[in-house]
Amino acid sequence: MKTRRDFLAQAPLGLLGLAVASRIEAKGADEAKPPPGAPGAFNTAPAVGPEVTAATFAEAEKLEQVTLTPAQRAMAAANWRTSMASMLERRAGPRKVALQDTLPPATVWNPMLPGHTSGPATNRFSPTQRSPGPLPANDADIAFAPVTHLSYWVRTRQLSSTRLTTIYLARIKRFDPQLRCIITLLEPQALAQAAQADREIAAGKYRGPLHGIPFGVKDLLDTAGIPTTYGAEPFRDRVPTGDATVVKRLYDAGAVLLAKLSMGALALNDIWFGGQTMNPWLLQEGASGSSAGPGAATAAGLVGFSIGSETGGSIVSPSMRCGVTGLRPTYGRVPRTGAMTLCWSLDKLGAMTRSVEDTMLVLHAISGPDGIDVASVPSHLAYDAGASVKGLKVGYFPGWMKEDPATEVDRASLEAMRKLGMVSTEVSLPDWPYDSLNLILFAESAAAFEELTLSGKADELSMQVPDAWPNLFRESRFLSAVDFVQADRLRRKVALEMARVMASVDLLLVPSLRDEMLVISNNTGHPSLTLRTGFVEVSQARSDWAPDPQHPLPTFSSPRRVPYGVTLIGRLFEEGTIAQVGLALEQAMGVAGERPPGF
C-alpha cells in the first residue's frame, strides 16, 4: 500500500525542485535524503507538466472568480508544477489509469436525510380492477388505449399480444417517417416475444399486467445484441452484450420490446444522429428531450408504454410537450445498471405512458435494488387506486402560480384539487441561486464523457452550438473542484429545506417547467408525476435550444392548440401518493384521452 510519503515523493516539483536538485549535486544524494522518521511534505518532488507563469494565473482568475496579488501569482506559478500538476497524472501520465464506464464514484448521493423517515412502511399495490369494456373494433382505438385496458383485453384473451404487436408495428412504419422517434425497430424479435406471450397466457401462465404489452425504451438502455447508440454519432455502431436491469425486469414481466426509441444525443434535447424527433401534436416543433422518442412514440400510439430517463427534466419536458404522463421515480428506487451514465448522482429511469395508473404498473415491475447499481436502495411501494384523496394537503407556491411559466391550466388544476377535497397549502423556499447546483450536472457529465471530449470524438456530434454537450463538456474542464464541493454542500442545504417543506404537506403542485423546481427536485431526488390537465395555444414553435437568430422558429398565423400539464412532486419514495392524486386529477380534468390530430 502506498504511503503518503510515497505519493508525495512522486509529486511534481518546480523551482523548489530545482533547488533540491542543485543541493543534491553539491552535497551528494545521501545528504539530500530526509532523516528517518521525517514526515512527507508537500512540494518536495521533481516538477512535471507544462511551465506556467503569473500571467497564466491572472487569466485563470477570471474563470475561478478569485483575485491574487502579484506576489501570490508569482508563488503559485513557481510551484504549480511541484504542488498541483501531479493531480492530473491519472489522465496525463506517465502512470495513466483507465476508468471503465461502469465504475461509479466512491461517494453516493443518498436523498434520505438522517432523522427523516422516507416512504411507506410496507408494500401495498392495488390497481384498478374494473373492466374497461369490450375490445374496440378499430385498430387505432386499441393502439391508443392505456395499458390498464390493454392488459385486461390480453388477460381475458379478447386481444392477442401478436395482434397488438402487429398493430403497433404497422403504425410505426406509417408514422415514424414524420416523427423520427425510432432508432432501431425490432420486428422479428417483437413478434417472437409476442407469440411466446400468447402461448404462456393460453397455458394459464399469466405474468401480470405487462404480459404481452409492447413497449419501447430510450436508446440508452442496453439490449443484448441490439444496438444501443445513445443517439450520438460516435456510438451509433455500439452493440452491448447484456441487457440493462430494467430491460430484464420488463422481459420477466412478459412485456414485448418493439423498438429502441430516439433520444437527444447523449441525453440532451431532441436532436440525434437521425435528425430531430418531432411532436405529434405539432409537427413543426421538436418533441423536447432528452426522452424525445418515448414522448413522441407514446403520444402517437406507436407503443403501449415506454421507458425514459431524467437527469434535469428529460421526462418532465417531453411529457409536457407531447401530452403524455411521465413518472420520474425517487432517486435510488430504480436501478440504472446497463443504462448510459450522464450523472451518477442525478440519473433516474421512469415510465412514460398515456395514463397515470400505467406509470404505476411499470414502476411496480422495475422497482428495487439489483445489487449492482450502488445508488439503488430497498424501498416499499404503496399504491391504492381506490384510496380517497380527500383531506390530503397539496402545497403550492403562490408567487409561482401567478407568473410565467404558469398558465390558467396550472391554476385550474389547483382549483380542481380543492374541489376534490384536498387542502391547498401555501409553501415557500428561500430565494437562493438554485442554478448553482447545475455545476454538479456539468462536472459529472464532463467526467462521464471525458474520453469523448479529450479524444476529439465529441466533435462528431451534429450539434456544436454553445448550449450543446461538446462545448459544455469542454467548458466544464475549467470548473473548480472547490466549487464542486461547495455545490455539493449547497445540495445538502437545499435537501434540508425540501424536507422542511415536504413535512408540512403530502405533495406539491408546481408549474412543470419551473426551472427552480426542476433543478431542486432532481438534485434532492424527489419523485414527480407530470400529467396532461388541459390545453394551451401557441403562436410559435417551441424549442429546447437557446434562441438562434440565424435559424428562427416557425410561427403560426393562427395559434395552435397543444396539450399542457402540471407536475406533482411527492415525498421521497411516496410515488403511490402522487399517483393516487394524479389519477383523481386525471379523471376530474377529463382530457387524457384526446389524441393528436392525424394519428
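Guide: Before we start, one term is needed: an angle between two axes that is over 145 degrees counts as roughly antiparallel. Please keep in mind, too, that this is a predicted model.

Visitor: How do helix α14 and helix α22 run relative to each other?

Guide: Helix α14 (residues 356-366) packs against helix α22 (residues 575-589) with the axes 8 Å apart and at an angle of about 155°. Because an angle over 145 degrees belongs to that class, the two helices are, relative to each other, roughly antiparallel.

Visitor: Which residues of α22 does α14 meet?

Guide: The contact residues of both helices taken together divide into five nonpolar, two polar and three charged. From the side of α14, Val-356, Glu-357, Met-360 and Leu-363 take part, and they meet, in α22, Glu-575, Gly-576, Ala-579, Gly-582, Leu-583 and Glu-586.

Visitor: How many of the 11 residues of α14 are buried?

Guide: Among the buried residues of this helix are Asp-358, Thr-359, Leu-361 and Ile-366, and Val-356, Glu-357, Met-360 and Leu-363, which meet α22, are buried as well. Helix α14 is largely enclosed by the rest of the structure, because its buried residues number nine.

Visitor: Which residue just after α14 takes a positive phi?

Guide: Here the backbone just beyond the end of the helix is in question, where a phi of about 105° is found. The residue that takes this value is Gly-368.

Visitor: Which strands stand at the edges of the open sheet?

Guide: The sheet has 11 strands with mixed pairing, in the order β2-β4-β3-β9-β11-β10-β16-β17-β15-β13-β14, and its twist averages 30° from one strand to the next. A strand at the edge has a single partner, so one of its sides is left without a neighbour in the sheet, and this applies to β2 (182-185) and β14 (423-426).

Visitor: What is the bridge partner of Gly-326 in β11?

Guide: Strand β10 (residues 325-328) pairs with strand β11 (residues 348-353) in the antiparallel sense, over two bridges. Gly-326 has as its partner in β11 Met-352.

Technical notes. Residues are numbered from 1 along each chain as its sequence is written. This is a predicted model: local features need pLDDT of at least 70, side-chain atom pairs count only at pLDDT 80 or more; totals for chains, interfaces and linings use all residues. Side-chain values use heavy atoms; hydrogens and water are left out. Two strands pair if DSSP finds at least two bridges between them. Helices (H or I, at least four residues) and strands (E, at least two) are DSSP runs, numbered from the N terminus. Axes are lines fitted to C-alpha atoms, for helices over the stretch in contact, and angles run from 0 to 180 degrees between N-to-C directions. Angles under 35 degrees count as roughly parallel, over 145 as roughly antiparallel, 65 to 115 as roughly perpendicular and the rest as oblique. Contact means heavy atoms within 4.5 Å. Ala, Val, Leu, Ile, Met, Phe, Trp, Tyr, Cys and Pro count as nonpolar, Asp, Glu, Lys and Arg as charged, and the others, Gly among them, as polar. Buried means under 20% relative accessible area, exposed over 50%, partly exposed in between (1.4 Å probe, protein chains only).
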